[in-house]
Amino acid sequence: MIPALSGHDWPALIERVLAVLPEPGWVVLPDALPADLVAALREELVARDAAGVLHAAGIGRGAAHQVRGSVRGDRIAWLQASWPAAARYLALMDSLRQALNRAFFLGLDEYEAHYACYEPGGFYRRHVDRHAGGADGQGQRVISTVCYLSEPGWPADAGGELLLHPEGHDDPVRVRPEGGTLLVFRSDNLPHEVLAANRQRLSIAGWMRTRGD
Ligand SMILES: O=C(O)CCC(=O)C(=O)O
Ligand SMILES: [Fe+2]
């Protein structure tokens, strides 16, 4: 079932993602989520943070997981279906995951996502999202999503842009972390990096993955 979004045509947005995913494999969708959902997600993130639920993010998975402040400086909390705003977001992303499976037979088994908070000066160095060195049969990240949760009107001089480095582009694509903007891109081949901002930067990063069992 495709969730209804007041004033927002989510099915049309899914169609746009399906149209670009094979080539070029990434899309920036401003104003993808309605303001009331963005506000609810932002408030939930802030409340979870105040409750001490967010923790320093690491890199790598399983035994290879480590916290490296020189690579990334955000605090995160994995979205729980029992959190009301998170549940609404997860339902949207699940409908996108199912549409991608129907269109491209990607076999995406699950979607996982975390709230992220970058304090002023926080960054995430250039990386691709698919973890290197994962053994066969472990499953992997196939599609990445990022949704920004800032208050409306992120100023150009606030920094905190996401730089995308698609193959064949001389200059990076610069994405301002404006609340409600959604990005969808392939996890295996798009290097990207988060620049430091001069204010708190709030988002949800998530991945559609195969389970690999
Ligand atoms: O917040 C962003 O703009 C991107 C975050 C990111 O690249 C990640 O969490 O893997
Ligand atoms: Fe990333």
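User: In this predicted model, which elements are included in what covers the buried residues of α2?
Analyst: The buried residues of α2 are L37, V38, L41, E44 and L45. They lie on the same side of α2, because they cover an arc of only 125 degrees around its axis. The cover over these buried residues includes α3, β4 and β11.

User: Which residues are exposed on the other side of α2?
Analyst: One side of α2 carries the buried residues L37, V38, L41, E44 and L45. On the other side of α2, the exposed residues are E43, A47 and A50.

User: What distance does α2 reach from its first C-alpha to its last?
Analyst: The helix α2 has 16 residues, and 22 Å is expected at 1.5 Å a residue. The reach from the first C-alpha of α2 to the last is close to that expectation, at 22 Å.

User: Which residue just after α2 takes a positive phi?
Analyst: The phi in question is about 80 degrees. The residue that takes this value just after α2 is G52.

User: Is D31 buried, exposed or partly exposed?
Analyst: D31 lies in the loop between β1 and α2, and its phi is near 60 degrees, a positive value in a residue other than glycine. Most residues other than glycine have a negative phi. Because 14 other C-beta atoms lie within 10 Å of D31, this residue is partly exposed.

User: Is F105 buried or exposed?
Analyst: F105 is found in the loop between α3 (84-104) and β4 (110-118). Its phi is positive, near 50 degrees, in a residue other than glycine. Since F105 has 8 C-beta neighbours inside 10 Å, it counts as exposed.

User: What is the omega of the peptide bond from E23 to P24?
Analyst: P24 is found in the loop between α1 (10-20) and β1 (26-29). Most peptide bonds are trans. The bond from E23 to P24 is cis, with omega near 5 degrees.

User: Which residues does H65 touch, not counting residues up to four places away in sequence?
Analyst: H65 is placed in the loop between β2 (55-56) and β3 (75-78). It counts as exposed because it has 10 C-beta neighbours inside 10 Å. With residues up to four places away in sequence not counted, H65 touches G58 and G60.

User: Which strands each supply at least two residues of the shell around ligand 1?
Analyst: The residues around ligand 1 are A116, Y124, D129, V146, L162, H192, V194, S203 and A205. By class, this shell has six nonpolar, two polar and one charged residues. The strands that each supply at least two residues of the shell are β10 (192-194) and β11 (201-209).

Conventions
Residues numbered from 1 in each chain as written. Chains lettered and ligands numbered in written order. Predicted model: local features only at pLDDT ≥ 70, side-chain atom pairs only at ≥ 80, totals over all residues. Near = placed C-beta within 6 Å. Helix = DSSP H or I, 4+ residues; strand = E, 2+ residues; numbered from the N terminus. Nonpolar A, V, L, I, M, F, W, Y, C, P; charged D, E, K, R; others polar. Buried ≥ 20, exposed ≤ 12 C-beta atoms within 10 Å, placed from the backbone. Contact = placed C-beta atoms within 7 Å. Expected span 1.5 Å × (residues − 1). Arc of directions from axis to C-beta.
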